[in-house]
Each structure stands twice: as C-alpha cells, then as structure tokens.
Amino acid sequence: MGSLPFCTLDDLGRHKLMAGWVKSHTGDLQRYARSRVKDSDVADDLVQVTFVSAWQTLDKFAEQSSARTWLFAILKHKLADHYRKVYREGKHVSGFDVISDDPASNEFNPNGHWHRDHAPTDLSDAFRDEGSERLDRALRHCLDLLPDDLRGAVEMKYLLEKDGEAIQKALGISATNYWQQLHRAKLKLRGCIESRVTRTT
Amino acid sequence: MALIHSLNVSCDKASALMEEREFRALSGGERVGLWFHMRICDACKAYEKQSQAIDRLLEVRMAKGEDTRALEARILNELQA
C-alpha cells in the first residue's frame, strides 16, 4: 500500500485527482445507473455516493486497476445495495403470493399452456432488429414498468454476474423464489416489448 | 412411468426451466422433458429465441447520453464539504 502514489498526495492533490475523475467518469456512471433504476434521482444519488465512497477509500485504490474500473465496481455495489434495500423493505412478496395475485402474470392457462392471446409466435418480428434503437427503447420502457422486486431480480443477475448464491444471499430469498421472479420478469418483459414494438411499427 | 412423467412438461414449466438452467444443471428428467417439449411446441420455440434476444439486450444495454454538468457540479460540491 505504501507504494501507492495517492498516499503521498496532499489534500489539494487528492481533491484535484478526484475532480478529474468526476469530470471524466460522471457521464458514463450516470448512464449506467440510470439504465438500471427507474427513478433518475435515485440513480444520480447512487453516482454521488459512489464518488463519496471512492473519496473515503482513496487509499485502497490499487494502481493496477483503472479509476474507471474501480468507480464502476463501487457503483455496482451501490446498485446492489439499492436492490437489497428494496427487498429488505418488504416490497417483495412471497413466492406463493407472486403466483396467485397478479393477473398480469397469467400468461398461462391453469394447465400450464400459453393463453391463446399470449402465446409467443415466430411470426412476430419484434425481436428481429437486435441493436435497433426502437427495440432498445422498448426494453428500457418495459424494464421501468416492472415492479421493483422483479426489476431488482433482473438487475441483480447482471450486477452480480449471474452468481446465483450471491444474489439469493443479497436479496434474502431462496433459489427457487429467485428463479421464479426471473421467470415472471422475463414473461412480462417479453409481452411488454412485443406489444410496444408492434404498436409503434 | 418415470419417463412418461418427465415428458409431461407444460409451457409454464418449460419457460421456467429456461431461466433455471442458467443457474443450475437441470436433472436428466428435466432435460429430456424440456427437449421433448421443445420438439412439439412452436410457441415455446419462439419464446426461447425471444427470451435469448432479451438476455443479449440486457447484457449490452446502455442508456443514451445525458447532460451531466449539473450532477458533476453537485458531486464536486459534496466532496469539498
């Protein structure tokens, strides 16, 4: 640790270094945060606490990782914390309730087959234009329509790099319950994106 | 009987297994059941493609650019404090 240049910086030097990071990285961090939480004020706050946290732990910043990589790692932690709180504050319901009390999730008949109106079909070309602006917009719109717990389930999958155990531990739910949430989120996203892209064609 | 039972996979179950297989190895029965179901169900075949497209979109997703000057000023202010 003693070889790190930051330890030798005086306060003014540290401030200048930090200010440079804020200038260079705020834009990317904000875009990243805003595409992962519905409320842009919450996203901005998370970027802010990322920098505050970086400032407080500047001595721990290892020179070999770039500032950008380090800041993004902190932001991901803050995002994961955010969704952990969403779950802890009880906005998530138990697996049993999830299944029964949500009419929008009834993609299936009681026998488990697709409802006629919800059955995916190859004829739909909503998903053909991967990389298109329209599809990307639809995805973002539909992510924002998900209830917080389902949004959290999806975001955690990518924030914690598909480490199932870490995700379940963070959210405080069982594996089965987590997979169920992902499944429901995916069904909702699929239906929402399809209807949105089809409508705006 | 076990084989017959394993072949009895609904669309609900099939689409759930598609999520779960990213996190755990499916059992032999589940794999056979899913494979068989996918052979006979066009809706689930379409669903699988679309679901994978959504997964790819989620991996690469990035929001569009926004003006960050106000937030930059706010953060700098916070750090000075």
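# A chat about chains A and B

Visitor: Where is B:S10 found?
Guide: B:S10 sits in chain B, in the loop between α1 (2-7) and α2 (11-20). Helices (H or I, at least four residues) and strands (E, at least two) are DSSP runs, numbered from the N terminus.

Visitor: What kind of model is this, and how are things numbered?
Guide: This is a predicted model, in which local features need pLDDT of at least 70 and side-chain atom pairs count only at pLDDT 80 or more, while totals for chains, interfaces and linings use all residues. Residues are numbered from 1 along each chain as its sequence is written, chains are lettered from A and ligands numbered from 1 in the order in which they are written, and side-chain values use heavy atoms, with hydrogens and water left out.

Visitor: Back to B:S10: buried or exposed?
Guide: B:S10 counts as buried, with a relative accessibility of 17%. Buried means under 20% relative accessible area, exposed means over 50%, and partly exposed lies in between (1.4 Å probe, protein chains only).

Visitor: And what is B:S10 in contact with?
Guide: Leaving aside neighbours within four places in sequence, B:S10 is in contact with A:N111, A:G112 and A:H113 from chain A, and with B:H37 from chain B. Contact here means heavy atoms within 4.5 Å.

Visitor: What does the secondary structure of chain B come to?
Guide: Chain B has 5 helices and 0 strands, and 46% of its 81 residues count as buried. Among the contacts in chain B with a separation of 6 or more, 59% come from residues 24 or more positions apart. Chain B exposes about 4,600 Å², of which carbon and sulfur atoms supply 55%; accessible areas come from the Shrake-Rupley method with a 1.4 Å probe, and for residues only the protein chains shown count as cover.

Visitor: And what about chain A?
Guide: Chain A comes to 9 helices and 0 strands, and 48% of its 201 residues count as buried. Of the contacts in chain A between residues at least 6 apart in sequence, 70% join residues at least 24 apart.

Visitor: How many residues has the largest nonpolar core?
Guide: The largest nonpolar core has 60 residues, and those with the most contacts inside it are A:W21, A:F51, A:V154, A:M156, A:Y178 and A:I193. Helix α4 (residues 67-88) of chain A gives the most to this core, with 11 residues. A nonpolar core is a set of buried Ala, Val, Leu, Ile, Met, Phe, Trp, Tyr and Cys residues joined through side-chain atoms within 4.5 Å.

Visitor: At what angle do α7 and α9 of chain A pack?
Guide: Helix α7 (residues 148-159) and helix α9 (residues 175-199) of chain A pack at about 105°, with their axes 9 Å apart. That makes α7(A) roughly perpendicular to α9(A). Axes are lines fitted to C-alpha atoms, for helices over the stretch in contact, and angles run from 0 to 180 degrees between N-to-C directions; those under 35 degrees count as roughly parallel, over 145 as roughly antiparallel, 65 to 115 as roughly perpendicular and the rest as oblique.

Visitor: Which residues make that contact?
Guide: From α7(A) they are A:D149, A:L150, A:A153, A:V154, A:M156 and A:K157, and from α9(A) they are A:Y178, A:Q181, A:L182, A:R184, A:A185 and A:K188. The residues of this contact of α7(A) with α9(A) divide into 7 nonpolar, 1 polar and 4 charged, where Ala, Val, Leu, Ile, Met, Phe, Trp, Tyr, Cys and Pro count as nonpolar, Asp, Glu, Lys and Arg as charged, and the others, Gly among them, as polar.

Visitor: What is phi of A:E161?
Guide: Phi of A:E161 is near 50°, a positive value in a residue other than glycine. A:E161 lies in the loop between α7 and α8 (164-171) of chain A and is exposed, at 62% relative accessible area.
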